[in-house]
Amino acid sequence: MSRRADDKSIIVALGGNLAAGGQGLRQSLGAALELLPGHGLRPTRCSRFWRSAAWPDPSEPAFLNAVALVETALDPAQAMSALHRIEALFGRERSRPNAARILDLDLIAYGRQVCAGDLVLPHPRAAERLFVMGPLAELAPGWTHPVSGKRAADLARDAAVGRDARPLPEEPGESLEGIKRFGR
């Protein structure tokens, strides 16, 4: 990557393992990505889709994940609220931790900010998840975690959760076409 993705990068993870409204997972995640600008979050780059077994219960449907770099004038709490609003548009229900879900949008990092409280930044478990760090390393291998100082590529290599996560090949005519419009 030619520009550094450290100091100002706002990183959003997208995922899901239940199709929404008759769409496939790729189309659902692509549709969610296309809604971000209308909520004050402008994607600039997006990873490929990655597939992994559901965690912690691999008997549930497999997950599809991606990571987007976004720009916004929103503060971190406003950005998280915007992500929750988009999840609600897809019918996301928060029944129990790690439940199967239509859409999961997580604010992974907001520049170099470190926050505790209702909103924890960087995301407290992202660094240990290959299905987050793999796509992030694809976009910005030199991005460094604001707390540990470790690079995304190293975090992906050492991730303990979701070790089966793998990138999927791009398929013509799918929602990746929408992703490419964001400057990828």
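This passage describes a predicted model of one protein chain, from its overall layout to single residues. Residues are numbered from 1 along each chain as its sequence is written. Local features need pLDDT of at least 70, side-chain atom pairs count only at pLDDT 80 or more, totals for chains, interfaces and linings use all residues, and side-chain values use heavy atoms, with hydrogens and water left out.

The protein chain has 5 helices and 6 strands, where helices (H or I, at least four residues) and strands (E, at least two) are DSSP runs numbered from the N terminus. Along the sequence these elements follow the pattern β-α-β-β-β-α-β-α-α-β-α. The chain has 184 residues, of which 51% count as buried; buried means under 20% relative accessible area, exposed over 50%, and partly exposed in between, with a 1.4 Å probe and protein chains only. The accessible surface comes to about 8600 Å², and carbon and sulfur atoms hold 52% of it (Shrake-Rupley method, 1.4 Å probe; for residues, only the protein chains shown count as cover). Of the contacts (heavy atoms within 4.5 Å) with a separation of 6 or more, 69% are between residues 24 or more positions apart.

The pLDDT, the predictor's confidence in each residue from 0 to 100, averages 87 over the protein chain, and 89% of the residues score at least 70. Confidence is highest in helix α4 (residues 152-158), with a mean of 97, and lowest in helix α5 (residues 176-180), with a mean of 44. For residues 1-6 the pLDDT is below 50, and this stretch has 14 contacts in the model beyond near neighbours in sequence. Residues 180-184 also stay under 50, with 15 contacts beyond four places in sequence.

The largest pocket holds about 760 Å³ of space. A pocket is defined on a 1 Å grid over the protein atoms alone, as an open set of points where a 1.4 Å probe fits, with protein on both sides within 12 Å along at least five of seven lines; lining residues have an atom within 4 Å of a point. Grid points are joined across faces, edges and corners, and the volume is the space filled by probe spheres set on the points. The lining comprises 37 residues, and Asp104, Asp106, His123, Arg125 and Arg129 lie nearest the centre. Strands β1 (10-16), β4 (63-71) and β5 (104-110) and helices α2 (76-89) and α3 each supply at least two lining residues. The largest share, 5 residues, comes from β5. By type, the lining divides into 19 nonpolar, 8 polar and 10 charged residues (Ala, Val, Leu, Ile, Met, Phe, Trp, Tyr, Cys and Pro count as nonpolar, Asp, Glu, Lys and Arg as charged, and the others, Gly among them, as polar).

Helix α3 (residues 130-139) is mostly covered, with 9 of its 10 residues buried. Among them are Phe131, Met133 and Ala137. Ala137 is touched by Ala153, which also touches Pro141, leaving aside residues up to four places away in sequence. Ala153 lies in helix α4 and is partly exposed, with a relative accessible area of 24%. In helix α1 (residues 25-35), Ser28 counts as buried because its relative accessibility is 1%. Beyond four places in sequence, Ser28 is in contact with Ala19, Ala20, Gln23 and Phe90.

Most peptide bonds are trans. A cis peptide bond joins Trp55 and Pro56, with omega about 10°; Pro56 is in the loop between β3 (50-52) and β4. Another cis bond joins Leu121 and Pro122, with omega about -10°, and Pro122 lies in the loop between β5 and α3.
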